[in-house]
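Work through the exercises below with the sequence and the model in view. Each task is followed by a solution in steps.

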Amino acid sequence: MGNGVREGQVDFKGQDVEPTASAHLPAEVQGIQEQKKVLNSLMSGALAGAVAKTAVAPLDRTKIMFQVSSKRFSAKEAYRLIYRTYLNEGFWSLWRGNSATMVRVIPYAAIQFCAHEEYKQLLGSYYGFQGKALTPFPRFIAGSLAGTTAAMLTYPLDMVRARMAVTPKEMYSNIVHVFIRISREEGLKTLYRGFTPTILGVIPYAGLSFFTYETLKKLHADHSGKSQPSPPERLLFGACAGLIGQSASYPLDVVRRRMQTAGVMGHTYSSILLTMQEIIREEGLIRGLYKGLSMNWVKGPIAVGISFTTFDLTQILLRKLQHSTNVER
């Protein structure tokens with residue numbers, strides 16, 4: 001993750017080895033370096049998303065089940081639901097839908113992190129901050145654009161994952177079966193139901209998450225004198241980023257889950273406003289639109305902290321490996 005401090009080939013303790021300047025290199029060499037950079041971002045992002053989502057999958061599934069029902073949420077009820085699921089369906093059922101999550105989150109996270117690096121570079125060039133930290137507004141825009149790009153390209157997979165999370169395993173045998181049944185019984189348009197609230201939610205979520213994480217890294221560098229934070233510090237910064245980002249966009253997350261699962265939950269939600277009105281009328285403003293938020297305050301910071309930290313450390317490791325290979329040559 002770029003934070004305006006050049007990372008280059010660094011170790012996990014944050015000691016920098018400045019990257020070789022590439023301005024004087026032939027265009028072909030620069031092109032190869034850019035391709036490696038993009039590939040590294042894609043690989044690091046994919047791993048970051050997979051590790052983070054798998055770690056919190058049982059909590060994520062439980063949150064979705066409350067979001068799409070009219071049951072009142074509480075920590076006690078969430079625990080009961082997890083325990084009943086474990087007793088009735090077995091331990092691994094707590095990860096039901098995680099295969100669909102992986103199919104979605106791996107390309108989503110890869111695209112989001114890679115796009116973020118590219119948008120930072122583009123905005124840095126546009127605003128004249130090349131090689132320096134972006135100012136707050138471009139920093140927020142880079143995160144929002146990255147999240148929007150990833151969401152647009154992977155949305156149907158998110159829809160499938162939500163369906164698998166809230167339905168009994170007998171209803172859908174696998175991911176392909178979900179696609180086939182939805183397309184046949186509800187129409188292809190259903191695969192994009194809830195798309196608008198998703199995009200509206202991802203703008204503040206991704207924008208604030210990346211903005212907060214990068215800002216904390218920059219403040220850490222400015223005040224500690226260290227170019228890079230330690231892994232525990234990265235986890236803490238990522239946790240703060242997740243807490244702020246998910247709290248800001250949570251009502252839209254509830255709305256999109258209701259719209260995504262309407263076909264199997266006996267509801268007909270036609271628009272964002274009507275969905276919000278119905279939720280508020282039946283369950284209240286706080287208990288409805290913020291249902292499960294307290295669980296998100298546990299799950300979200302853990303997931304985002306793991307995600308950002310995994311991405312950063314994988315990037316650093318790949319750069320070290322490439323640097324070692326180049327030295328040997």
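**Exercise 1. Salt bridges**

How many salt bridges does the count come to?

Solution. The model is predicted, so local features need pLDDT of at least 70 and side-chain atom pairs count only at pLDDT 80 or more, while totals for chains, interfaces and linings use all residues. Residues are numbered from 1 along each chain as its sequence is written, and side-chain values use heavy atoms, with hydrogens and water left out.

Step 1. A salt bridge is a side-chain nitrogen of Lys or Arg within 4 Å of a carboxyl oxygen of Asp or Glu. By this rule there are 14 salt bridges.

Step 2. Take R104 and D158, whose side chains meet in a salt bridge at 3.3 Å, N to O. R104 belongs to helix α4 and D158 to helix α5, 54 residues apart. Helices are DSSP runs (H or I, at least four residues), numbered from the N terminus. Both R104 and D158 are buried, where buried means under 20% relative accessible area, exposed over 50% and partly exposed in between (1.4 Å probe, protein chains only).

Step 3. Another salt bridge joins D312 and R234, with the closest N and O atoms 2.6 Å apart. D312 is in helix α12 and R234 in helix α8, so this pair ties together parts 78 residues apart in sequence. D312 and R234 are buried.

Step 4. Salt bridges that share partners make one network of R104, D158, D253, R256 and R257.

**Exercise 2. Aromatic pairs**

Find the aromatic partners of F113 and classify the pairs with F308 and F311.

Solution. Step 1. Rings of Phe, Tyr and Trp (its six-membered ring) pair if their centres lie within 6.5 Å; planes under 30 degrees apart count as stacked, over 60 as edge-to-face and the rest as tilted. The whole structure has 10 aromatic pairs.

Step 2. The ring centres of F113 and F308 are 5.8 Å apart and the planes are at 90°, so this pair is edge-to-face. F113 sits in helix α4 (residues 98-127) and F308 in helix α12 (residues 293-328), 195 residues apart.

Step 3. F113 and F311 are stacked, at 4.3 Å centre to centre and 15° between the planes. F113 is in helix α4 and F311 in helix α12, so the pair ties together parts 198 residues apart in sequence.

Step 4. F113 has a relative accessible area of 2% and is buried; F311, at 0% relative accessibility, also counts as buried.

Step 5. One aromatic cluster is formed by F113, F210, Y213, F308 and F311.

**Exercise 3. The largest cavity**

Which residues are the closest to the centre of the largest cavity?

Solution. Step 1. On a 1 Å grid over the protein atoms alone, a cavity is a set of points where a 1.4 Å probe fits but cannot get out; lining residues have an atom within 4 Å of a point. Grid points are joined across faces, edges and corners, and a volume is the space filled by probe spheres set on the points.

Step 2. The largest cavity has a volume of about 660 Å³. Of its 37 lining residues, K53, R104, Y108, Y205 and Q246 are the closest to the centre.

Step 3. Helix α7 gives the most to this lining, with eight residues.

Note on methods
Helices (H or I, at least four residues) and strands (E, at least two) are DSSP runs, numbered from the N terminus. On a 1 Å grid over the protein atoms alone, a cavity is a set of points where a 1.4 Å probe fits but cannot get out, and a pocket is an open set with protein on both sides within 12 Å along at least five of seven lines; lining residues have an atom within 4 Å of a point.
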